[in-house]
Amino acid sequence: MTHFTCGMKSMPADKLFFLLIVLLFIVSILTLLTSKLFTGYRFHLNRSVMDYIPNTECDKRKMLKEMGMSSFEALLENIPPTFRKFSSVLPSGLSEPEVLRDLRSLSEKNTSAGTCISFLGAGAYEHYIPSLVDHLASRSEFFTCYTPYQPEVSQGTLQVIYEFQTLMCELTGMDVANSSMYDGSTALAEAALLSTRLKEKNKIVCSRAIHPEYRHVLRTYLKGLHTEIVEIDTPEGITDVNQLEKVIGDTTAAVLVQNPNFYGCIEDMETISDVAHRHDALFLACVNPISLGILKPPGEYNADIAVGEAQVLGNYLNYGGPYLGFFAVKKELLRKMPGRIAGETIDSLGKRCFVLTLQAREQHIRREKATSNICTNQALLALRACIYLCALGKKGIAELSRLNLQKSHYAYDKLCTLDILEPTFQQPFFHEFGMKAKGNLRIQKINERLLKKGIIGGLKLSAFYPDLANSMLLCVTETKTKESIDRLVAELTQM
Amino acid sequence: MHQAEPLIFEKSSPGRRCFILPACDVPEKPVTSFLPQKMLRKQEAQLPEVSEIDVVRHFTRLSQMNFCVDTNFYPLGSCTMKYNPRINEDAARMEGFTKLHPYQPVEQCQGMLKLLYDLEQILKDISGMSAFTLQPAAGAHGELTGMLIIRAYLEKKGEHRHKIIIPDSAHGTNPASAALCGYEVESIQSNASGLVDIEKLKAAFTHDTAALMITNPNTLGLFEKDILEICKIAHDAGGLVYCDGANMNALLGIARLGDMGVDILHLNLHKTFSTPHGGGGPGAGPIGVTEALKPFLPVPRIEMVDTLTAEDTAENIYILNYAHPDSIGKVRAFYGHIGMMIRAYTYLLSLGKEGVCKVSEYAVLNANYLLHKLKNHYDIPYGKTCMHEFVISAKKQKQKGASALDIAKKLLDYGFHAPTIYFPLIVEEALMIEPTETESRETLDAFAAAMIRIAEDIEQQPELVRNTPQTTPIGRPDEVKAAREPKLRWE
C-alpha cells in the first residue's frame with residue numbers, strides 16, 4: 001500500500017491524466033459490453049446458465065454444416081435488420097440455489113394461511129387436501145402432457161376427464177358436465193351467453209348476492225353484445241323474489257342465482273326456478289360443490305345449467321388462481337355447451353376407450369361460429385378435483401359438508417354472544433356468515449388487531465357492498481379446530 | 001396390448017373408505033336445527049367407495065397410459081412442448097404462495113405482488129410492449145381480452161367499428177374470440193408465399209374494420225416480413241393490430257413484436273415460458289399493450305408506489321389499483337393464474353438475459369435442421385427455411401394411400417407424439433412440426449429417421465402405415481360413434 005502511494009506520488013501529472021483517460025475508456029467499454037445497450041441474440045456471456053438446452057455450440061456447428069449453412073444468422077434473413085437492435089435490462093441468469101433463495105424470500109414476505117388462522121372465504125376456500133392428491137397429480141405423465149389430441153396415447157387424461165364429468169354430474173344432479181372452464185366466474189358468464197344464444201333474448205336477471213367479481217366478469221363478457229343485465233336486490237340477505245317477479249319478463253333469457261350466496265345465506269332455489277321457468281327463461285345455479293354433500297343439488301330444483309368454482313375440490317388458494325370452473329347442463333343443452341367434453345367409444349378392436357367428442361361445437365372446427373372461443377380446460381386441476389372426490393368417497397363428501405356446517409354454526413353461535421357483534425342477516429347459512437360490528441369498532445381495526453394475534457379476519461363486506469357498512473364475512477371450514485374458533489372468540493371478547 | 005383400467009366407479013365397494021376426516025370437535029346439533037328439510041339433498045351423490053390403494057393404483061395406471069414431454073418427444077406444432085423445469089414446480093409449491101388468499105390485504109401479500117409486478121416488467125422487456133396484464137387465463141382468453149380492449153378504445157374515440165380481419169392461416173380461437181366479442185370476422189387469403197397478402201389487406205381494411213388479428217411468425221412458421229407495412233395499413237385506416245403471440249418461442253432475444261407496430265400481444269406462458277401444459281390446462285395468456293391502450297387494461301392493475309415508513313424512510317409497496325375508469329373491467333375473478341406466473345418467473349430468473357436469447361436461437365436451429373432432413377421426403381408447401389416450426393404436406397403420401405392422420409398414428413408406434421395435423425387449414429394434409437429448443441440433435445435425428453422410414457414404407461406398403469398404431473394402450477377409436485351416440489358419463 002505504502003509502495004503504491006509512493007509510486008503515485010512520483011508519477012507526473014500529465015501521465016496520471018493519460019492513465020485516467022485510458023482507465024475510463026476501458027471501464028466504459030466494459031460497461032457497454034455488459035449493459036442494456038449491447039444485446040440481442042448475438043451477445044452471450046461465456047458463463048453457463050440454466051437454459052435447458054441440450055445442444056452445444058459444437059452440435060450447432062455440425063447441424064449448420066449439414067444444412068449447408070454458413071451461420072445461424074442466415075436463417076433469420078427474413079427479419080428486417082432494424083428489428084434486431086433493441087435494448088434489454090434483463091439481469092443475468094441465476095443458478096438453482098440462487099433462484100430458490102429469491103423465490104423463498106418472496107414467499108416468506110407473504111403472511112399466509114400456512115402460518116395464520118384464516119377466516120377468509122368469499123369465493124376462495126381453504127380445505128384440507130389429502131396427501132395423495134399432491135402425490136398423484138405430481139406425476140409428470142399428467143402434468144407434462146398436452147390436450148389429448150391423440151387418444152391412443154392420452155387415455156389417462158381422457159379417462160380422468162370422463163370420471164370428472166361423471167363426478168360433477170353426481171354432485172350437481174345434472175345430466176352432463178364438460179371437462180371444466182377457466183374458473184367459476186367465466187363459467188357463469190359462458191352460461192349466460194349460452195342462454196342468450198339459445199333463447200334469442202337479450203335480458204339477464206341476476207341476483208345481487210352472486211359473487212361481486214362474477215357479476216363484474218359477466219358485465220365485461222356481455223358488454224357490446226346488446227344484452228341488458230338487471231340485478232335483483234337482497235335486502236334480507238337473499239334474493240328478493242317479489243322484485244324478481246316484477247323485473248322478469250318475456251325478454252329474459254336467464255335468471256342467475258348463487259347458492260349458498262355470496263353472504264353465505266341459502267336461497268329459495270325452488271321458488272326462483274319456478275319463476276324463471278314460468279317466463280320461459282333458463283335457471284342458472286352457481287353452487288359450491290362442497291355444500292352439495294348436504295344441500296339440495298341444482299338437478300333437484302330443475303336448474304337448466306349448474307356452474308361454480310371447483311377450487312374447493314383439492315386445489316390450493318394460490319392467491320386466486322389457477323382455479324377451475326365446472327359447467328353442467330340438462331341433456332337438451334348438450335350441443336350448446338362450451339368447452340371440451342370427453343366421451344366413451346370403442347377402439348379398432350372393440351375395446352372401450354375415451355375421446356374428445358362433440359367437437360363440432362368448438363373453435364378449431366367452427367371458428368367464428370363456435371359455442372365459445374375456449375380451447376383449453378383446466379385439466380390438471382380437474383384431475384386434482386377428481387382424485388379429491390374419489391378420496392372422500394360417498395360417505396366422505398356428506399361428512400365434510402356436515403363438518404363445515406357444524407363448525408361454522410358453532411362459531412356463529414359463539415360470536416353472537418359477544419356484545420360487539422351482531423349477525424348481518426338472519427338466514428340459514430352453510431359455512432359462511434356476515435357479522436356486523438356494533439358501536440364505534442371498525443372492521444378494519446378488528447382485523448388489524450386479530451392479525452397481531454395470528455388471525456386473518458373476515459372480508460370487509462363494504463368493499464363490494466357499500467350499503468353493508470361495518471360487516472365482515474367470516475368463513476369456517478373443517479380446517480378450523482374448536483380451539484382456533486375459541487381463540488377468535490377470545491380475541492374479539494377483549495376488544 | 002395394454003390392460004384397460006376400469007373406471008373408478010367400477011372399483012367401488014360399499015363401505016370402503018380412503019381419506020378420513022377428523023372427528024367433529026365442536027358440540028354437534030341436528031342438521032335440521034340449522035337448515036330446513038327442504039333445503040337438504042334427497043339423494044346421496046354416488047361417489048365411488050374405494051380405499052387409498054385403489055385410488056393410488058387407479059391414477060398411477062391411468063398416468064401410465066399417457067405420452068408426455070417427460071417420456072416422449074412431442075413435436076406438436078404451435079404448442080411449444082418444451083421441457084418443464086422441475087425447479088418451477090418447487091417454487092410454485094411454496095406455502096407462502098399456495099396458502100395465500102386473494103382477499104388478504106395487500107400489506108400481507110407484498111412478496112406475491114412484487115413477483116407479479118416484476119414478471120410484468122420482464123415481459124415488457126422481452127416483448128417491447130408498454131404495459132401488461134396477467135389476468136387472462138389462457139391464450140384464447142387473452143384474445144378475448146384484447147378484442148374487448150380494442151372495442152373500448154375505439155368507442156372512447158366515438159367509433160363503432162364492426163369488423164375484424166383474420167388471415168386464413170390463423171388459429172381457430174382468433175375468429176371465435178372476435179365473434180364472442182360481437183365482431184364480424186372477415187378472413188383474408190394468404191399469398192403464394194404463405195404470408196399476409198398486402199393488396200388484399202389494403203382492400204379489406206376499411207373504416208369499419210376495428211383490427212387485424214395476426215400471428216407472427218405465422219402458423220406456417222414464417223416471419224411476416226412486411227409486418228411494418230401491415231401495421232401501417234391498419235393504423236392508417238384508424239384500426240389496430242392484435243398479435244397472437246403463440247409463436248413467441250421463435251423471437252425471444254431476436255426481435256420484439258412491440259417494435260414492429262403491433263398494438264396488443266398475448267403471450268402463452270405455457271408455451272414460451274415453460275409452464276407445464278397439464279393435459280390441456282391451466283395455461284396463462286397475459287397481454288401486453290401500447291401506451292395508448294394502457295388505460296383500457298383489466299382491473300386491478302398491479303402498481304408500485306412509494307410510501308413513507310414509520311421511520312420516515314421511503315419504501316416501495318405494491319398495490320392492486322382498481323381506479324382506472326376506462327378499464328374494460330375484469331375478465332375473471334381475482335387476478336389470474338398465479339401458479340403459472342410463479343413458474344414463468346422462476347424460469348425467467350434461471351434463464352436470464354443470456355438464456356432468453358439462446359432459447360429462440362436453438363428453437364429455430366432445431367426446426368430448420370428437421371426441415372432440412374425431411375425436405376426430400378415430403379412436400380414443403382412454403383419456404384426454404386422457417387422460424388421455430390414448419391409445415392409439411394403429406395399430399396404425395398396421400399396419393400399412395402396413407403394420409404397425414406396415418407403418418408401421425410404410425411409415429412406413435414415409433415414412440416413419438418404426433419405433430420399437429422390438418423392445421424393450418426390452407427395446407428392440404430398438413431403436418432405441423434415444432435421441435436423446441438429443449439431437444440437434442442440425437443432426438444431430432446431419430447425423429448427424422450422415423451419420418452423418412454414412414455415415407456419409404458408408404459411408397460412400398462402403405463397398409464403398414466394405415467393399420468396403426470399397434471403398440472399403444474388402445475387402437476384407433478371410433479370417433480363417429482362417440483359423437484353420434486354421446487356417452488359422456490358413467491352410469
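Domain bounds here come from an automatic or database domain assignment. For chain A, that assignment gives domain 1 (131-389) and domain 2 (395-493).

Before going further, some ground rules. This is a predicted model, where local features need pLDDT of at least 70, side-chain atom pairs count only at pLDDT 80 or more, and totals for chains, interfaces and linings use all residues. Residues are numbered from 1 along each chain as its sequence is written, while chains are lettered from A and ligands numbered from 1 in the order in which they are written.

For the complex, the predictor gives an ipTM of 0.97 and a pTM of 0.94. The per-residue confidence is pLDDT, which runs from 0 to 100. Chain A has a mean pLDDT of 92, with 91% of its residues at 70 or more. Chain B averages 96, and 99% of its residues score at least 70.

Two stretches of chain A need some care. Over residues 1-10 of chain A, pLDDT stays under 50, and the model has zero contacts there beyond four places in sequence. Residues 32-45 of chain A also stay under 50, yet for them the model has 23 contacts beyond four places in sequence. A contact means that the C-beta atoms of two residues, placed from the backbone, lie within 7 Å. Where pLDDT is low, the predicted coordinates should not be read in detail.

**Domains**

Back to chain A: the centres of domain 1 and domain 2, taken over C-alpha atoms, are 29 Å apart. Where they touch, 15 residues of domain 1 of chain A are in contact with 19 residues of domain 2 of chain A. The domain 1 side of that contact has 10 nonpolar, four polar and one charged residues. In this scheme Ala, Val, Leu, Ile, Met, Phe, Trp, Tyr, Cys and Pro are nonpolar, Asp, Glu, Lys and Arg are charged, and the others, Gly among them, are polar.

Chain B is assigned domain 1 (8-63) and domain 2 (87-349). The centres of those two, again over C-alpha atoms, are separated by 42 Å.

**Helix H9 of chain B**

Helices are DSSP runs (H or I, at least four residues), numbered from the N terminus. H9(B) packs against two other helices, H4(B) and H12(B). Axes are lines fitted to C-alpha atoms over the stretch in contact, and angles run from 0 to 180 degrees between N-to-C directions.

| Helix pair | Angle | Axis distance |
|---|---|---|
| H4(B) (110-127) and H9(B) (338-374) | about 40 degrees | 10 Å |
| H9(B) and H12(B) (441-460) | roughly 30 degrees | within 10 Å |

**Where the chains meet**

Between the chains, 169 residues of chain B are in contact with 169 residues of chain A. Which helix gives the largest share of chain B's side? It's H9(B) again, with 22 residues. Overall, chain B's side has 91 nonpolar, 43 polar and 35 charged residues.

Note on methods. pLDDT = per-residue confidence, 0-100.
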